[in-house]
Amino acid sequence: MALSNHDESTIRGYLLGKLTEEDQQKVEERLMVEDELFEEFEVSKGELVEQYVAGELPQKEHDWFSTHFLASPEGRRRQAFVLAV
């Protein structure tokens with residue numbers, strides 16, 4: 001089943017801390033069982049890192065992404081990779 005634009009938007013919102021706790025939990029449950037959603041999740045992480053490095057995120061999203069996702073070991077690795085490329 002193809003993902004909808006809503007699913008893509010939801011993943012982005014999840015990665016940027018914009019969802020309610022209830023919606024976050026729903027996404028996490030879906031990520032465990034829906035391969036296509038998990039693939040979109042991984043792609044979205046890469047896209048957000050690229051947008052962060054390029055200075056394309058709005059300031060609020062930039063700040064949140066920096067202090068949450070990029071504070072993790074995975075986030076730092078992805079950022080280092082984008083910077084190296």
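Start by selecting Glu61, which sits in helix α4 (helices here are DSSP runs of H or I with at least four residues, numbered from the N terminus). You're looking at a predicted model, where local features need pLDDT of at least 70, side-chain atom pairs count only at pLDDT 80 or more, and totals for chains, interfaces and linings use all residues. Residues are numbered from 1 along each chain as its sequence is written, and side-chain values use heavy atoms, with hydrogens and water left out.

Is Glu61 buried or exposed? It's buried, because its relative accessible area is 11% and the cut-off for buried is under 20% (1.4 Å probe, protein chains only). Now show what Glu61 touches: leaving aside residues up to four places away in sequence, you'll find Arg12, Leu16 and Lys18. Contact here means heavy atoms within 4.5 Å.

Next, pick out α1. Its buried residues are Asp7, Thr10, Ile11, Gly13, Tyr14 and Leu15. Among the elements covering them are α2, α3 and α4. Step off the end of α1 and you'll meet Gly17, with a positive phi near 70 degrees.

Now jump to α3, residues 35-53. Those 19 residues reach 28 Å from first C-alpha to last, close to the 27 Å expected (that's 1.5 Å times one less than the number of residues). Colour the buried ones, including Leu37, Phe41, Leu48 and Tyr52. Their cover includes α1 (5-15), α2 (21-33), α4 (59-67) and α5 (73-84).

Last stop: Gly55, which follows α3 and has a positive phi, near 70 degrees.

Technical notes. Helices (H or I, at least four residues) and strands (E, at least two) are DSSP runs, numbered from the N terminus. Buried means under 20% relative accessible area, exposed over 50%, partly exposed in between (1.4 Å probe, protein chains only).
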